Amino acid sequence: MDQCTKTFQRTCSPPPPPNKCLTLVKDSIDCIKKKYCFQVKNSTSPGFNISIIELWNISPSTVSITPNPIKIPQLSPGMTSNWICVEYDGVIAGDQLSYSIIGHQDYAVGGGGPILCCADTITNSIKIPDCGNGNTCCKDSLQFKNLLSQGWQVNVSGCDVSVSAPQFDTCHWFTSGNPGWDDGTPVTNVIISAASGEVFTHKYTQAGTYNICINVFESTDGVNVDPCWSGKLCTTVVIDNPCDSGTCCNITQSSLDGMLQDITLLASDVECELCLSITLDSCTFARIDFGNNKIQNFDPGVDSLYCLKFTSGSVGADSIKVKIIRKNIDGTICKEANKILKYNKKCPLVSACCNVTNTEIEMKYNQVLQDAVIIDCELCLQMPLDTCTIFYINWGDNIDTIGTGDGAKYCHKYSSTSKYIVSMEILRFNDIGDPCIETTITKEYDIKECKTECDMSSIEIFNAITPNGDQVNEFLKINKIPQVCGEADIEIYNRWGQKVWSEKAYKNTWNGESNQSKPLPDGTYYLIVSFPDTNDKDKEIKTFIDLRRDN
């Protein structure tokens, strides 16, 4: 199974239909290999082909699924997939693994992401089994052989055959997801319960005698406990009548021409997205040529909407070529019909977000780099309010940040002192999502000091002031405060413990007066200096200050 490596959003145009998207048909879990396999049916309506499966809304939150999304062979509406297998981790025995399913149409020629998708609101769940060694099912080997001897229950209608085995219970398991039909059709190697009573169907292409077989074993757990008995369930069927290989070609040319009416443009005046309504029966293929080497093929059974985005600046009259065909059983074309659909495209080049030059954008955001603030190994950039812009910041130490022009401050903490080159890639997009402005600016920053705590050992506090007008020691001075400590708040108390003066973000302004601007009496006062901007809010300096007005 291929892993889908493309990245895309779950929203798509047109929006997902409210009805079911993909129906879980059956599943199987191997708790030894941590492998979960399942089959789904394409239940989209209007229908479209699905080529990508994505599991979402997964719980518990600890679980991981690999791969996800998953690329699968194209699944037509009404069809059931082959077995799809993923590996899981992050859950233990007894946990309930739950998820919903999103189905995506494959990527359109020319890019632009998935054309159609649907989100299933149904939650699917499976209990993680206990990988124990107990086995309570194996009681009677003769009874097991008797169940095998009963063979399949068979129903034959022309070349269509259906088989089932309702005689088995929860102790019995099939070693493949479908029987061997004896005509070269491959089997899927996955263990499934034989107790479901599932009906397997197959269409033969020619008359003959066929031995339909599947391997069965008995065990309490089909994956985690060794089987006690195993054997092969087989039944022979005979297809007497020749299988009609030319049904799809039994149509007149006029009738095929009439089917072209089921492929139409939603509008003849197109802005930046052309949408085509396509309905095909179970025999008809379609080939749409959009020009410029953009060709899309559609398989029988499609009933959906196909949309193609134009590049900015596409204007004028244009047309697409539509061809529908019917094929023989050997794949050769027996009939075809053609028509041309004309339309007028109007996709202007300039949008509101693109009416600016690269130079103007660079000047605007170079100022952001110029106004950067560095405190304690943390570099902060204040972004302007600019709803048109997306930017990618590389901080110069292998750390990236993605942001938008939301007017927020973006900060990064470095682990060590050094010189770092910070680069900012700036993008703007036009109305159809294509980039119209793309530029990168850089600036080097020298991160010199990385202290994580406020070191007060270097702080100088004068222990006396003499505010007598001689301009010497007139004010209480606190000097050499490290930048990381931030602003200092001070409080001054008299000998009776009464606060007589205080100031936040002290600016060396106390000259012996109270907060009421009255001179305080000479004497010794108690001083508390605190630094509220530090990580340690209790970090303080407590000391005495002597107030004397006489020399």
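Buried means under 20% relative accessible area, exposed over 50%, and partly exposed in between, using a 1.4 Å probe and protein chains only.

I am working with a predicted model, in which local features need pLDDT of at least 70, side-chain atom pairs count only at pLDDT 80 or more, and totals for chains, interfaces and linings use all residues. I number residues from 1 along each chain as its sequence is written, and side-chain values use heavy atoms, with hydrogens and water left out.

**Entry: whole chain.** I looked up the helices and strands (DSSP runs, H or I of at least four residues for helices, E of at least two for strands, numbered from the N terminus). The protein chain has three helices and 39 strands. Of its 551 residues, 41% are buried.

**Entry: salt bridges.** I count a salt bridge when a side-chain nitrogen of Lys or Arg is within 4 Å of a carboxyl oxygen of Asp or Glu. The structure holds 15 of these salt bridges.

**Entry: Asp160.** Which residue does Asp160 form a salt bridge with? I found Lys203, with the closest N and O atoms 3.5 Å apart. Asp160 is in strand β12 (residues 160–164) and Lys203 in strand β15 (residues 200–203), so the pair links distant parts of the chain, 43 residues apart. Asp160 is partly exposed at 35% relative accessibility, while Lys203 is exposed at 54%.

**Entry: Asp89.** I noted a salt bridge between Asp89 and Lys34, the closest N and O atoms being 3.0 Å apart. Asp89 lies in strand β7 (84–89) and Lys34 in the loop between β2 (22–30) and β3 (35–42), so the pair ties together parts 55 residues apart in sequence. Asp89 is partly exposed, at 38% relative accessible area, and Lys34 is partly exposed at 33%.
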